[in-house]
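Hi everyone, thanks for coming. Today I'd like to walk you through one protein chain, starting with the whole and ending with a single residue. Please have a look at the picture first.

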Amino acid sequence: MKKQFCMFVLSGAAAMLSLGAAAQDVPTDPKYGATEEERRTNLLNLSFFNEAYAAKDYDTAIPLLQDLLVKAPQSSENLYARGVAIYGQKAAAATSVAERNVYVDSILLLYDLRLANFGDHPTRGKGYILSRKAQDYLYYKPADREGVHKYFKEAIEACGSAAEPDLVTGYFKELVDDYNNDAIETEELLNEYDRLEKYFETDPTPEKEEAKKLFEQLFIASDAADCEALEQIYAPKIAAAPEDTALIKKTFLLLARGKCNSDFMIQVGEKYYASAPSSEVAMTLAAALEERKELDRAIKYLSEAIDKETDPTVKANIAIRIAGTELSAQRAQSAASFARQAIEINPESGLAYLMLAQAYAIGAGNACSDAFSKQAVYWLATDALNNARRLLADDASQIESIDTQLAAFRSRFPSTEDCFFLGLKSGDSYTVSCGWISGQTTVRER
């Protein structure tokens, strides 16, 4: 240890000799001092400080740091970063709460001084400094919830869209914790959720998308999206400002995320859709109506959604949804029509073929007038189901269900005797013409 101290003294002396012997090399930049003498002294102390920091001789470094903060506060950005690290080490080693608090206060003061002297730095300016201060405040003073909220808010506002995703989600996690501990009201959490959500929509990046998932998971886990609470808060607001489209949109999205399929959600959704019709809103409304078993109203919105949609893949998926809803309503002909529409858009859609097969099976009883034709429809249904099986081969759960349905369909095929009397045998080509159900298929016997 003594040898290390000697080396430090010798290196410091060498620096002093070097500066003294080359006065012409002293910078003229006033950030080091007003006069040549002050600049020489401050540069020497800055050199001593950096060496003491590198040697982890913090007791030597602290007086030098304090002196430089007064006499040359703009001399070095590292002065503040290293100062925070030094006081952090001292706080960790403190033997009393009072001593620790002194070091923590020094850390916070360093951030304020850095902000005053380097707040306009192009990349490590106000937002960067306040972000670090907020995170350190949480680390050192987690019990001061008001202070935690204050400093995180200041940091996020200063950073704007450039705020680090971890900063935003970290702050929201603290809010959720406070909500779960009854430290803040539901409305405050909802307002902050709404305010912070906009950050993820500005200049989206893969990091933001990943952080957004955590952000939404935190919100859902908080139970703040309770449907009754949302209605209690937002129903009076909408009643007071029924034409406020921004408020209506915000309320609808919150209700939708909370899966609130209430009368209030439908009313708000319909108001929003009337002001800003889109396939996305229509589908959200339809999903809520389907949950309420209001299938006709759900189909109305899905039909409007498919008309408004321009993306072929999305359009096909909407057609499949309508087909499924029509099947639930026992409207097989309409279900088949939308399933065929989906297949026309996307011939590789296994779900569309699955819907078509089920529509044929449900419709056979009503569409056909004679027993053989009803049984022949199951050939067409099997063809569709085989296509579904081929296209959904990677989905084990679907394959199991399809195989069960195939066995049921085969049990409905015409018998060998029925086929013989009509001059048909297995493998023959056959045209089904049974009301709205028609198509070319192959004869198969039960």
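**The chain as a whole**

Buried residues make up 44% of the 446 residues in the protein chain; buried means under 20% relative accessible area, exposed over 50%, and partly exposed in between, with a 1.4 Å probe and protein chains only. Please keep in mind that this is a predicted model, where local features need pLDDT of at least 70 and side-chain atom pairs count only at pLDDT 80 or more, while totals for chains, interfaces and linings use all residues. Residues are numbered from 1 along each chain as its sequence is written, and side-chain values use heavy atoms, with hydrogens and water left out.

How many helices and strands does the protein chain have? There are 21 helices and 2 strands, which are DSSP runs (helices: H or I, at least four residues; strands: E, at least two) numbered from the N terminus. The chain is more spread out than a compact globule, because its radius of gyration is 36 Å, well over the 22 Å that the globule rule gives for 446 residues. That radius is taken over C-alpha atoms, and the rule is 2.2 Å times the number of residues to the power 0.38. Along the principal axes, the C-alpha atoms fill a box of roughly 120 × 55 × 40 Å.

**One residue up close**

Now find Thr251, in helix 12 (residues 245-257). Is Thr251 buried or exposed? Thr251 counts as buried because its relative accessibility is 1%. Leaving aside neighbours within four places in sequence, Thr251 is in contact (heavy atoms within 4.5 Å) with Tyr234, Ile238, Phe264 and Val268.
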